[in-house]
Amino acid sequence: MERLKQKIKEEGTVLSNTVLKVDAFLNHQIDPVLMQEIGNTFAELFKGTGVTKIVTLESSGIAPAMMTGLQLGVPVVFARKRKSLTLVDQLLSANVYSYTKNETNEISVSNEYLIKKDKVLIIDDFLANGQAVLGIMNIVEQAGASLAGVGIVIEKGFQDGGEVLRTNGVRVESLAIIDSLQNRNVTFR
Ligand code: G4P
């Protein structure tokens with residue numbers, strides 16, 4: 001998606017050889033117009049695949065997931081990282097280890113909002129090692145639901161999440177794939 005790549009070039013900051021800061025439009029401040037275009041693009045890519053539900057992980061996945069759900073006309077569920085006071089139903093849970101943060105989070109979705117007949121499109125902001133997506137896929141499997149595919153805003157192509165998922169037959173659509181962040185410079189695939 002050209003506009004996204006342009007935005008990364010103009011407003012992103014390379015913090016290290018592995019980390020890109022995009023707080024200006026995705027991870028802290030959100031650009032709603034860009035999010036709408038992102039949602040429209042995912043909706044176009046996955047239309048006709050029978051998606052009944054979008055599933056993402058709080059917090060930065062919610063904006064692109066929401067816009068995709070709006071365009072496809074399906075509900076959006078976000079897996080929670082913390083137990084909420086109202087999350088009293090039976091929970092589907094998975095452990096997600098973050099290599100970046102060196103911590104494990106238990107993520108949960110109520111079985112009220114993810115059921116056997118659902119066909120799920122997973123949306124997330126970043127794909128690095130793929131642990132978040134694998135955790136959501138585990139929850140989708142526990143629900144007995146099926147997977148239409150995965151939509152990623154920014155994939156770090158130099159980390160192995162994309163390869164792991166694609167090798168396992170998962171359809172992964174990434175709107176920008178970064179090949180390298182070497183020398184404070186963003187190179188796209
Ligand atoms: P993985 O799920 O692909 O294995 O990713 P990893 O554990 O490495 O990432 C943990 C968190 O860091 C995720 O956000 C992920 O989106 C984010 N992340 C990974 N690499 C980058 C990067 O280069 N730039 C930015 N901006 N984020 C990155 P999270 O903890 O779920 O945070 P949030 O959704 O609450 O914002």
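Six elements, namely β2 (20-21), α2 (23-27), β5 (91-98), β6 (103-110), β7 and α5, each supply at least two residues of the lining of the largest pocket. The structure is a predicted model, and its ligand sits in this largest pocket.

**The largest pocket**

- The volume of the largest pocket is about 820 Å³.
- The lining of this pocket is formed by 32 residues, and those closest to the pocket centre are Ser 98, Thr 100, Lys 101, Asp 125 and Phe 126.
- Strand β7 provides the largest share of the lining, with four residues.
- By residue type, the lining of the largest pocket comprises 13 nonpolar, ten polar and nine charged residues.

**The shell around the ligand**

- There are 21 residues around the ligand, and the nearest of them are Leu 20, Ser 60, Thr 100, Lys 101 and Lys 156.
- Two elements, β7 (119-127) and α5 (131-143), each contribute at least two residues to this shell.
- The largest share of the shell again belongs to β7, which gives three residues; β7 also holds the largest share of the pocket lining.
- The shell consists of seven nonpolar, nine polar and five charged residues.

- Leu 20 takes part through its backbone: one of its backbone N or O atoms lies 2.6 Å from a nitrogen atom of the ligand.
- Lys 101 takes part through its side chain, where a polar atom lies 2.6 Å from an oxygen atom of the ligand.
- Lys 81 likewise uses its side chain, in which an N or O atom is 2.7 Å from an oxygen atom of the ligand.
- On its own, the ligand has 720 Å² of accessible area, and the protein covers 85% of that area.

**Two features of the backbone**

- Most residues other than glycine have a negative phi, and most peptide bonds are trans.
- The peptide bond that joins Glu 58 and Ser 59, however, is cis, with omega about 0°.
- Ser 59 belongs to the loop between β3 (53-57) and α4 (62-72).
- Asn 102 is a residue other than glycine with a positive phi, near 55°.
- The position of Asn 102 is in the loop between β5 and β6, two strands that each supply at least two residues of the pocket lining.

How values were computed
Residues are numbered from 1 along each chain as its sequence is written. This is a predicted model: local features need pLDDT of at least 70, side-chain atom pairs count only at pLDDT 80 or more; totals for chains, interfaces and linings use all residues. Side-chain values use heavy atoms; hydrogens and water are left out. A residue is near a molecule or strand if one of its heavy atoms lies within 4 Å of it. A polar contact is a pair of N or O atoms within 3.5 Å; within protein, one must be able to donate a hydrogen and the other to accept it, and residues adjacent in sequence count only if both atoms are side-chain atoms. Accessible areas come from the Shrake-Rupley method with a 1.4 Å probe; for residues, only the protein chains shown count as cover. On a 1 Å grid over the protein atoms alone, a cavity is a set of points where a 1.4 Å probe fits but cannot get out, and a pocket is an open set with protein on both sides within 12 Å along at least five of seven lines; lining residues have an atom within 4 Å of a point. A molecule sits in a cavity or pocket if more than half of its atoms lie within 2 Å of its grid points. Ala, Val, Leu, Ile, Met, Phe, Trp, Tyr, Cys and Pro count as nonpolar, Asp, Glu, Lys and Arg as charged, and the others, Gly among them, as polar. Grid points are joined across faces, edges and corners, and a volume is the space filled by probe spheres set on the points.
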